[in-house]
Amino acid sequence: MSGTVRSKHARKGTGRGPGPAGGGATPPAPERPAAQARAARRPAGKRFLESRAADWVLPLILVAIIVAVWQAVCASGAVEEYVLPAPGDVVGKMFGDFGTFADQSVPTIVAIFAGFALAVVVALPIAVAMVYSGVARRAIYPLLIIAQVVPKVAIAPLFIIWFGFGQLPKVLMVALICFFPVVIDSLVGFKAARPESLMLVRSMGASRWQAFWKIRWPWALPSIFAGVKVGITLAVVGAVVAEFVGADKGLGVLLITARGDMDSLTVFASIAWLTVIGFVLFVLVEVLERVLLPGKRGGRSHEASGSL
């Protein structure tokens with residue numbers, strides 16, 4: 001009987017591997033993981049759509065289609081040139097008058113950076129105060145809503161009256177427009193920290209600020225960057241709005257002047273410059289986010305957390 005059991009074990013272990021029952025047999029080649037096998041079976045087109053390259057190729061294709069349609073409409077003579085200039089003429093104007101546009105871009109970019117930095121520097125401490133203090137949250141939150149719903153164009157003339165025609169009114173307008181998305185997303189991020197993680201570090205003797213830097217701050221960074229990306233695009237809008245209302249230099253001033261002269265080519269070229277500036281700033285923030293958060297979470301957690 002014991003011989004039969006041993007023979008069964010021996011037959012079962014044959015060719016299985018180098019273990020005691022396998023007798024030192026050579027192990028078979030490892031099987032391909034299921035995920036890789038499924039990826040190999042997917043069509044090439046679907047694999048491309050799921051790749052990183054598609055994030056750049058698809059928008060470029062769409063832009064090329066829009067520009068081609070735009071060029072075809074202008075070439076057909078359906079609209080007058082002073083109403084809708086051709087895209088080639090707009091690009092030629094952008095680089096033909098490069099010195100003028102670059103000179104007018106400097107005060108606009110300075111106002112964007114200064115106002116955006118001011119908004120972030122003010123928004124983050126306010127968000128922290130609202131997380132840790134119920135009194136501060138109840139006192140500040142309604143004022144944030146009121147400040148957001150008030151039309152910024154209506155406030156811009158007051159800044160001109162109070163601070164004159166210079167960079168300061170533009171900086172304040174940019175900060176005012178950028179402030180709301182940064183503070184709200186920061187507040188959501190700080191409140192999304194897991195309560196059990198906060199309780200764990202507090203039970204280990206960490207102070208409130210140690211818990212903040214170890215748990216709340218890393219957890220909130222994706223949400224903070226979400227608000228920052230929205231804010232940096234709105235910063236361009238804020239700078240142009242301020243220059244529309246009152247400024248002596250900037251792309252917004254160039255737009256107003258060209259509109260008065262019915263120079264649609266300069267208007268389109270100025271808009272293109274503003275678009276490029278906004279896009280570049282957004283990409284810079286995106287790159288900074290990827291550097292600081294190489295393994296960022298795919299989504300946000302909105303769990304309620306206590307003020308630990």
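**Aromatic pairs and helix packing in a predicted model**

F159 and F163 are four residues apart in helix α8 (residues 152–163), so about one helical turn separates them. The model discussed here is predicted.

Q: How are the rings of F159 and F163 arranged, then?
A: Their centres are 6.2 Å apart and their planes are at 55°, so the pair counts as tilted.

Q: And is F159 buried or exposed?
A: F159 counts as buried because its relative accessibility is 11%, and the cut-off for buried is under 20%.

Q: What about F163?
A: F163 is partly exposed, with a relative accessible area of 40%.

Q: How many aromatic pairs are there in the whole structure?
A: A search of the whole structure gives 14 aromatic pairs. One of them is formed by F98 and W273, whose ring centres lie 5.6 Å apart with the planes at 50°, so this pair is tilted.

Q: Where do F98 and W273 sit in the chain?
A: F98 belongs to helix α6 (residues 98–132) and W273 to helix α13 (residues 264–292). The two residues are 175 residues apart, and their pair links distant parts of the chain.

Q: Is W273 buried or exposed?
A: W273 has 14% relative accessibility and therefore counts as buried. F98, at 44% relative accessibility, counts as partly exposed.

Q: Which residues form the aromatic cluster?
A: One aromatic cluster is made up of Y132, F190, W209, F212, W213 and W217.

Q: What lies over the face of Y132?
A: R216 does, at 5.3 Å from the centre of the Y132 ring.

Q: Changing topic: at what angle do α4 and α5 pack?
A: Helix α4 (residues 53–76) and helix α5 (residues 87–96) pack at about 105°, and their axes are 8 Å apart. That angle makes α4 roughly perpendicular to α5.

Q: Which residues meet there?
A: From α4, V67, W70 and Q71 meet P87, G88 and V90 of α5. By class, this contact of α4 with α5 has four nonpolar residues, two polar residues and no charged residues.

Q: Now α12. Which residues are buried in it?
A: In helix α12 (residues 251–260), the buried residues are L251, G252, V253, L254, L255 and A258.

Q: What covers them?
A: The cover over the buried residues of α12 includes α6, α11 (208–245) and α13.

Note on methods: Residues are numbered from 1 along each chain as its sequence is written. This is a predicted model: local features need pLDDT of at least 70, side-chain atom pairs count only at pLDDT 80 or more; totals for chains, interfaces and linings use all residues. Side-chain values use heavy atoms; hydrogens and water are left out. Axes are lines fitted to C-alpha atoms, for helices over the stretch in contact, and angles run from 0 to 180 degrees between N-to-C directions. Angles under 35 degrees count as roughly parallel, over 145 as roughly antiparallel, 65 to 115 as roughly perpendicular and the rest as oblique. Contact means heavy atoms within 4.5 Å. Ala, Val, Leu, Ile, Met, Phe, Trp, Tyr, Cys and Pro count as nonpolar, Asp, Glu, Lys and Arg as charged, and the others, Gly among them, as polar. Rings of Phe, Tyr and Trp (its six-membered ring) pair if their centres lie within 6.5 Å; planes under 30 degrees apart count as stacked, over 60 as edge-to-face and the rest as tilted. Buried means under 20% relative accessible area, exposed over 50%, partly exposed in between (1.4 Å probe, protein chains only). A charge sits over a ring if NZ of Lys or CZ of Arg is within 6 Å of the ring centre and within 35 degrees of the ring normal.
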